[in-house]
Amino acid sequence: MKVFVAGATGVLGRELVPQLVARGHEVVGMTRTASKQDALRALGARPVVADALDPDAVAQAVASAEPEVIVHQLTALSGKMSIRDARHPERSFAFTMTNRLRTEATDHLLAAGRAVGARRFVAQSFGAFRFARTGGPVQTEADPIDPDPPGARQPGLEAILHLEEAVTTIDWGEGLALRYGGFYGPGTSTSLAPDAVMAEPIRKRRFPIVGDGGGVWSHVHIEDAAAATAIAVERGRPGIYNVVDDEPAPVREWLPALASALGAKPPRRIPRWLGRLAAGEVATVMMTEARGASNEKAKRELGWQLRYPSWREGFAQGLG
Ligand SMILES: NC(=O)c1ccc[n+]([C@@H]2O[C@H](COP(=O)([O-])OP(=O)(O)OC[C@H]3O[C@@H](n4cnc5c(N)ncnc54)[C@H](OP(=O)(O)O)[C@@H]3O)[C@@H](O)[C@H]2O)c1
């Protein structure tokens with residue numbers, strides 16, 4: 001099939017493009033950066049340069065590719081994140097730009113897909129930290145979203161809800177939104193690279209366990225996330241899918257294992273009130289109350305098999 005990947009140079013896109021090519025697809029990869037075209041060619045894609053926030057440029061890029069399937073992997077999350085960003089995501093460039101990519105750019109890509117007669121649309125979503133903080137520790141796609149999330153998170157939540165709603169209700173094709181777990185592995189924020197955004201504070205013991213560390217997180221290795229996406233390009237009914245590993249786990253379990261895999265000392269522990277003071281309410285809730293996600297639907301309906309079914313082997317063997 002002809003597949004158009006918006007965000008082909010991002011952390012997921014770089015894994016996805018070669019997997020799509022290996023599965024026999026013809027891939028056109030979009031970047032807004034002309035100097036990245038050779039890198040896209042090296043991955044096996046035909047590059048096209050367009051700004052995802054410019055509707056005419058997106059329409060033209062998609063029309064030139066005539067894709068059967070469009071994949072939306074646009075974010076603006078690369079770059080350093082600070083505690084300030086965690087405290088005030090509404091003021092962070094990375095988060096506000098990502099919100100625009102999840103709303104405006106989604107709409108531009110959908111309009112372009114409809115105009116060109118595409119029949120399938122697969123988009124990056126995010127599940128963690130959005131579930132209602134009631135019920136069990138692990139939730140499915142059918143469980144409710146948090147009706148009362150900590151305030152500063154609201155714009156991000158709305159952008160993701162917009163994306164999921166817009167994508168999964170298209171009437172001109174099949175729309176799938178993939179709620180990825182936290183990425184880890186080469187090129188991601190959690191890798192052996194010295195400047196990896198999440199790994200760095202863990203190495204410096206600036207990523208403590210807050211309170212009882214009972215918040216449950218779902219992870220996924222970047223290679224497994226790309227594999228699920230490549231399958232979703234080909235099959236699976238419209239709707240939302242959790243693309244996470246088999247073992248959602250509380251922070252107090254996975255964080256020490258990750259620290260050890262990174263060669264760091266065990267994380268410090270701080271009480272909840274201090275966490276709130278230092279990192280804000282959102283981060284504290286993530287550390288203490290978050291719910292994890294079940295991958296049963298993605299495994300059942302996509303036939304997805306994971307190379308790293310648990311972060312336990314993944315952190316030990318798949319970070320670098
Ligand atoms: N589930 C998760 O845990 C999750 C999800 C996403 C990201 N992350 C983390 O966030 C960090 C950054 O991820 P990333 O490298 O994928 O993000 P990124 O480099 O900021 O951008 C991703 C893609 O979006 C494209 N893009 C952004 N704005 C665009 C625009 N206006 N027009 C056209 N294309 C645009 C980029 O294209 P060009 O730069 O080529 O122009 C790139 O291909 C990583 O550390 C990753 O681990 C985590």
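1. Gly185 sits in the loop between E8 and H7. Its C-alpha atom is separated by 7.8 Å from that of Glu223, although the two residues are 38 residues apart along the chain. Helices (H or I, at least four residues) and strands (E, at least two) are DSSP runs, numbered from the N terminus.

2. A word on the model before going on. This is a predicted model, in which local features need pLDDT of at least 70 and side-chain atom pairs count only at pLDDT 80 or more, while totals for chains, interfaces and linings use all residues. Residues are numbered from 1 along each chain as its sequence is written, and side-chain values use heavy atoms, with hydrogens and water left out.

3. Now to the ligand. Which residues come nearest to the ligand? They are Thr9, Thr31, Arg32, Thr33 and Lys36, out of 28 residues around the ligand. A residue counts as near a molecule or strand if one of its heavy atoms lies within 4 Å of it. By type, the shell divides into twelve nonpolar, 13 polar and three charged residues. In this sorting Ala, Val, Leu, Ile, Met, Phe, Trp, Tyr, Cys and Pro are nonpolar, Asp, Glu, Lys and Arg are charged, and the others, Gly among them, are polar. Strands E2 (26-31), E5 (120-126) and E8 (182-184) each supply at least two residues of the shell.

4. Thr31 places a polar side-chain atom 2.6 Å from an oxygen atom of the ligand. For Lys36, a polar side-chain atom is 2.7 Å from a ligand oxygen atom. Ser189 takes part through a backbone N or O atom, 3.0 Å from an oxygen atom of the ligand. Taken alone, the ligand exposes 890 Å², and the protein buries 90% of that. These areas come from the Shrake-Rupley method with a 1.4 Å probe; for residues, only the protein chains shown count as cover.

5. Next, follow strand E2. Why is E2 described as largely enclosed by the rest of the structure? Five of its six residues are buried, so E2 is largely enclosed. E2 pairs with strand E1 (residues 2-6) in the parallel sense over five bridges; two strands pair if DSSP finds at least two bridges between them. Val28 in E2 is the bridge partner of Phe4, and Val5 stands opposite Gly29. E2 also runs parallel to strand E3 (residues 46-49), joined to it by four bridges. There, Pro47 in E3 is the bridge partner of Gly29.

6. How do helices link these strands? E1, helix H1 (residues 11-22) and E2 form a right-handed β-α-β unit. Right-handed means that, with the strands pointing away from the viewer, the path from the first strand over the helix to the second runs clockwise. The buried residues of H1 are Leu12, Gly13, Leu16, Val17, Gln19 and Leu20. An α-helix has 3.6 residues a turn, so residues three or four places apart point the same way. Just after H1, Gly24 takes a positive phi of about 95 degrees.

7. E1 pairs with strand E4 (residues 69-72) in the parallel sense over four bridges, and in E4 Val71 stands opposite Val5.

8. Finally, a few residues to check. Glu66, in the loop between helix H3 (55-65) and E4, has a positive phi of about 45 degrees although it is not a glycine. Arg205 lies in the loop between H7 (199-203) and strand E9 (209-210), and its phi is near 55 degrees. Arg205 counts as partly exposed, at 26% relative accessibility.

Methods: Polar contact = N/O pair within 3.5 Å; in protein donor to acceptor, adjacent residues only side chain to side chain. Buried < 20%, exposed > 50% of the residue type's maximum accessible area, 1.4 Å probe, protein only.
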